[in-house]
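Please work through the exercises below with the coordinates open beside you. Each task is followed by a solution that goes step by step.

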Amino acid sequence: LVNQHIAMAGAQGFVSNLTNPKVLAFYLAVGLMQLSHGPYYTFLSIHLETLGYARGTIGLLWALGVVAEILLFLAMARLLERFSLRRILLASFLLAALRWLLLGTLAEHIGVLLIAQLMHAATFGSFHAAAIHFVQRSFGQNQQGQGQALYASLAGVGGALGALYAGYSWNSLGATWTFLLASLAALVAAAIIAFRLQEDQV
C-alpha cells in the first residue's frame with residue numbers, strides 16, 4: 001500500500017511537471033529536432049552517391065561526424081559550466097538548421113560537406129547532452145525514469161516521422177527541398193526554445 005501511494009504521488013508529480021509550459025516547449029522542440037534528422041539518417045548516403053562521392057569517402061564522412069560527436073561529449077562539462085542549457089539547446093537547433101541547409105544546397109563542395117559533418121557535434125552531441133541535463137533538472141528524483149523515457153519515446157517517434165516524411169518528400173520534391181524542410185523544422189524548434197524558455201528557467 002505504501003509503495004502504491006508512492007507510485008501514485010510520483011505519477012502525479014510527473015504529470016504536474018509535464019504540464020509546465022517550459023517542459024512542454026522542450027519536448028515539442030525535441031520531437032521537431034528528431035523529425036529534422038529524417039533526411040540525414042535515411043538518405044544522406046544516397047544523396048552523396050548521386051553527387052558523385054565514392055562509398056569509401058561517404059563512410060569517412062559518417063565517421064567524421066561520430067568523431068566530432070565524441071569530442072564534443074568530452075568537452076560538454078566545461079560548456080555546461082560556461083553556458084546555460086537554453087543557450088546550448090538554442091545553438092544546437094540553429095546549427096542543425098544551417099547543417100541541413102548546407103547538405104541540401106552545397107553538398108557537392110567537399111569543404112562545405114566537411115563542415116556540415118563536423119556540425120554533428122552540435123546536432124547530436126550538444127543537443128543530446130543538454131537535453132538529458134534539462135530532463136534531470138525538470139523532474140524530481142522519483143520522476144527521472146519517466147522523464148527520460150518520454151524523451152527517448154519522442155526522439156524515436158520524431159525520427160520515425162522524419163524518415164516517413166523524407167521518403168515522400170524525396171520522391172516528390174527532391175533532395176534540396178527535403179533538406180530545406182528539415183532545416184525549417186529545426187528553425188521552428190529554435191524559435192520554441194528562444195521564446196518559450198527564459199534564461200533563468202534553465
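The structure is a predicted model, in which local features need pLDDT of at least 70 and side-chain atom pairs count only at pLDDT 80 or more, whereas totals for chains, interfaces and linings use all residues. Residues are numbered from 1 along each chain as its sequence is written, and side-chain values use heavy atoms, with hydrogens and water left out.

**Exercise 1. Overall fold**

Task: Determine how many helices and strands the chain holds, and decide whether its radius of gyration agrees or disagrees with that of a compact globule.

Solution. Begin with the secondary structure, where helices (H or I, at least four residues) and strands (E, at least two) are DSSP runs, numbered from the N terminus. The count gives nine helices and zero strands. Next take the radius of gyration, which is computed over C-alpha atoms and compared with a globule rule of 2.2 Å times the number of residues to the power 0.38. For 202 residues the rule gives a value near 17 Å, and because the chain has 18 Å, the two agree. The C-alpha trace spans about 65 × 40 × 30 Å along its principal axes. Finally, consider contacts, meaning heavy atoms within 4.5 Å: of those between residues at least 6 apart in sequence, 80% join residues at least 24 apart.

**Exercise 2. The nonpolar core**

Task: Find which residues of the largest nonpolar core touch the most other members, and which helix supplies the largest share of this core.

Solution. A nonpolar core is then a set of buried Ala, Val, Leu, Ile, Met, Phe, Trp, Tyr and Cys residues joined through side-chain atoms within 4.5 Å. In the chain as a whole, 45% of the 202 residues count as buried. The largest core has 54 residues, of which F26, L48, F93, W100, L103 and Y151 touch the most other members. At least two core residues come from each of α2 (21–36), α3 (38–50), α4 (55–82), α5 (85–105), α6 (110–118), α7 (120–138), α8 (144–172) and α9 (175–196). The largest share, 10 residues, is supplied by α5. As background, nonpolar side chains in soluble globular proteins tend to be buried together.

**Exercise 3. Aromatic rings**

Task: Classify the ring pairs F26 with Y27 and Y41 with W62, and state whether their members are buried or partly exposed.

Solution. Rings of Phe, Tyr and Trp (its six-membered ring) pair if their centres lie within 6.5 Å; planes under 30 degrees apart count as stacked, over 60 as edge-to-face and the rest as tilted. The structure holds 11 aromatic pairs. F26 and Y27, at 5.1 Å centre to centre with 65 degrees between the planes, are edge-to-face; F26 is buried at 1% relative accessible area, and Y27 is buried at 5%. Y41 and W62, at 6.5 Å and 20 degrees, are stacked. Because Y41 lies in helix α3 and W62 in helix α4, this pair ties together parts that are 21 residues apart in sequence. Y41 is partly exposed at 43%, as is W62 at 25%. To complete the picture, ring pairs link F26, Y27, F134 and F139 into a cluster.

Methods:
Buried means under 20% relative accessible area, exposed over 50%, partly exposed in between (1.4 Å probe, protein chains only).
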